[in-house]
Amino acid sequence: MAIPALAADKLSRSDKAFVKDAASGGMMEVEAGRLAQQKGASQEIKDFGQMMVTDHGKANDELEAIIAKKQMKKPAKMDAKHKKMVDQLNALSGAEFDKKYAKEMVKDHEKDVAKFKKASGKVKDPEIKAWVDKTLPVLEQHLQHAKDMAKKLGVAKK
């Protein structure tokens, strides 16, 4: 019976750390997307929120299946930095929410794209690498969309 437990042990420490961070980030994207649908003033923010719920929800489900297969423990909740961002967004509404959300989505997706590009070359587990390589183009599309949205709202980085 000890053999299945080895599956998680085969994952490198860096693979485990990446998976944990990606899972937390995915949860944050879905939660923030739900908030955008509820609190957003502009239709574009609401639509982007819906895209986050759909796309990150799907990626989260795929990652969860890999985690289960590897017999890793799925993070039960977001880490502190992701929770803090959701809490900050939850305190806002209307145009104020839209600007903060757009700004955070650009910042977050820039970080995600960079992490996923780095992970694509470093992740050792083939299933996790395949998920990274499948998810990266979606994150790049989200980043471009977030930048366009932020520009329209006047919160784009100079």
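1. The largest pocket of this predicted model has a volume of about 210 Å³. Two elements, α4 and α5, each give two or more residues to its lining. The largest share comes from α5, with 6 residues.

2. What is the lining of the largest pocket made of: nonpolar, polar or charged residues? Charged residues number 8, against 2 polar and 2 nonpolar. The lining includes K81, K84, E104, K107, D108, K111, D112 and K115. M28, H82, M85 and Q88 also line this pocket.

3. Helix α4 spans residues 80-90, and H82, M85, V86 and L89 are buried there. These residues lie on the same side of α4, because they cover an arc of only 95° around the axis. A80 and K84, on the other side of α4, are exposed.

4. The largest nonpolar core has 42 residues. F18, F97, Y101, M105, F116, I128 and W131 have the most contacts inside this core. At least two core residues come from each of α2, α3 (43-69), α4, α5 and α6 (126-153).

5. F18 deserves a separate look. Leaving aside residues up to four places away in sequence, F18 touches K115, F116, A119, V123, I128, W131 and V132. Among these contacts, F116, I128 and W131 are also listed with the most contacts inside the core.

Conventions. Residues are numbered from 1 along each chain as its sequence is written. This is a predicted model: local features need pLDDT of at least 70, side-chain atom pairs count only at pLDDT 80 or more; totals for chains, interfaces and linings use all residues. Side-chain values use heavy atoms; hydrogens and water are left out. Buried means under 20% relative accessible area, exposed over 50%, partly exposed in between (1.4 Å probe, protein chains only). Helices (H or I, at least four residues) and strands (E, at least two) are DSSP runs, numbered from the N terminus. The arc is that of the directions from the helix axis to the C-beta atoms. A nonpolar core is a set of buried Ala, Val, Leu, Ile, Met, Phe, Trp, Tyr and Cys residues joined through side-chain atoms within 4.5 Å. Contact means heavy atoms within 4.5 Å. On a 1 Å grid over the protein atoms alone, a cavity is a set of points where a 1.4 Å probe fits but cannot get out, and a pocket is an open set with protein on both sides within 12 Å along at least five of seven lines; lining residues have an atom within 4 Å of a point. Grid points are joined across faces, edges and corners, and a volume is the space filled by probe spheres set on the points. Ala, Val, Leu, Ile, Met, Phe, Trp, Tyr, Cys and Pro count as nonpolar, Asp, Glu, Lys and Arg as charged, and the others, Gly among them, as polar.
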